[in-house]
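Thanks for asking me to look this one over.

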Amino acid sequence: MKLLVTGGAGFIGSAVVRLAVSRGHEVVNLDALTYAACLENVAEVAGSPLYAFEEADIRDAAALDRVFAAHEPDAVMHLAAESHVDRSIDGPGTFVETNVTGTYTLLEAARKYWVGQGRPEGFRFHHISTDEVFGSLGATGKFTEETPYDPRSPYSASKAASDHLVRAWHETYGLPVVLSNCSNNYGPYHFPEKLIPVIILNALAGKPLPVYGKGENVRDWLYVEDHADALLTVLEKGALGRSYNIGGENEATNIEIVRRICGILDEKRPREAGGYAELITFVADRPGHDLRYAIEPARIREELGWRPSVTLAEGLERTVQWYLDNEGWWRALQGRQGVGERLGKAG
Ligand code: NAD
């Protein structure tokens, strides 16, 4: 297939690009190269004849028309987004512009192209979204695909809006879409503003390890390369108009994640001054911090035969090792705007 991947210079998009090229798909990576982008994430496939890069913004209709006409893709995998909840608290406008207006503009460009091609049945628009659209769970229960939407942050509200637009373009115009909503990803190339890389890099620098509130928030952690594999499965086998929840079957509290990372670093890079856990520092909570997310993965498992393959213990070990081995990658990103600062305290 020839895939147009938006956001392919970001964390998850680049994992999709690397995996798709390794499986023999042609990939056009469309990315506006915002603060969160890093073309090094796709360096291992950049020389492949199967790979092309287009610097373009999903809010730019003319640029999108040009890219569709030039490359004639068989499918779109839409990952481009503003993705950091803390940044959405400080500056929600960009989230509405990219995640809502950008998705609308991309849908219209895809529809125009699909109609112009004679409405090919095999065309797919795969919209990649988050479990955060479902809101927050108490101590029990899981999100299914039928859970009512209840987003709480500007980020999750903008993603929820984009999900609704994608469904509407299917119902109203017949655009062949599939959707997926997944839990928190982690792994190589994770931008150093998200919990797991922040903890690893602060620990290596001997700095405090900031944990929001009491660290009791629960997330279901999905290794990014498992997610990329799930996304290609949804694209290839998912039923039209249907959405699939993707989880890692790995629920953990934030404090548990932080303690596990400390334990791995204690073994791999022992610290003379004492165990890394001594650096843990509880800080003011994120406003509106959702307590718990958990994914019920029965649909993707039973209908598409997909399950995650990486346990939390394996995934964290690989991730910590990757950051130890790739200092040049993360050092270059630490100077970017907002990185290393506490964001999203809402005044
Ligand atoms: P990311 O922030 O690492 O990457 C986003 C990419 O999109 C960047 O390369 C950026 O340059 C690009 N981009 C942003 N605005 C753009 C625009 N206007 N036009 C073109 N490109 C633009 O994000 P990520 O963590 O890789 O997330 C990718 C997708 O997966 C997002 O849609 C996100 O909502 C979703 N998601 C993420 C997670 C997670 O844990 N990270 C979980 C569930 C869903």
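1. W169 is buried, at a relative accessible area of 10%, whereas Y104 is partly exposed at 38%. Here buried means under 20% relative accessible area, exposed means over 50%, and partly exposed is in between, using a 1.4 Å probe and protein chains only. Please keep in mind that this is a predicted model, in which local features need pLDDT of at least 70, side-chain atom pairs count only at pLDDT 80 or more, and totals for chains, interfaces and linings use all residues. Residues are numbered from 1 along each chain as its sequence is written, and side-chain values use heavy atoms, with hydrogens and water left out.

2. The structure holds 16 aromatic pairs. Rings of Phe, Tyr and Trp (its six-membered ring) pair if their centres lie within 6.5 Å; planes under 30 degrees apart count as stacked, over 60 as edge-to-face and the rest as tilted. One of the pairs is F95 with Y155, edge-to-face at 6.4 Å centre to centre and 85° between the planes. F95 belongs to helix 5 (residues 92–116) and Y155 to helix 6, so this pair ties together parts that are 60 residues apart in sequence. Helices are DSSP runs (H or I, at least four residues), as are strands (E, at least two), numbered from the N terminus. Both F95 and Y155 are buried.

3. What is the geometry of Y104 and W169? Their ring centres are 6.0 Å apart and their planes lie at 80°, so the pair is edge-to-face. Y104 is in helix 5 and W169 in helix 6, so parts 65 residues apart in sequence are tied together.

4. Elsewhere, F134, F143, Y149 and Y293 are linked into a cluster by ring pairs. There are charges over rings too: the charged end of R87 sits over the ring of Y35, 3.7 Å from its centre, and R271 lies over the face of Y276 at 5.9 Å from the ring centre. For this, NZ of Lys or CZ of Arg must be within 6 Å of the ring centre and within 35 degrees of the ring normal.

5. Now the ligand. Of the 30 residues around the ligand, I12, D31, S83, Y155 and K159 come nearest; a residue counts if one of its heavy atoms lies within 4 Å. A backbone N or O atom of A32 lies 3.1 Å from a ligand nitrogen atom, and a polar backbone atom of I58 is 3.0 Å from a ligand nitrogen atom. A backbone N or O atom of N185 is 2.9 Å from a ligand oxygen atom.

Terms used. Polar contact = N/O pair within 3.5 Å; in protein donor to acceptor, adjacent residues only side chain to side chain.
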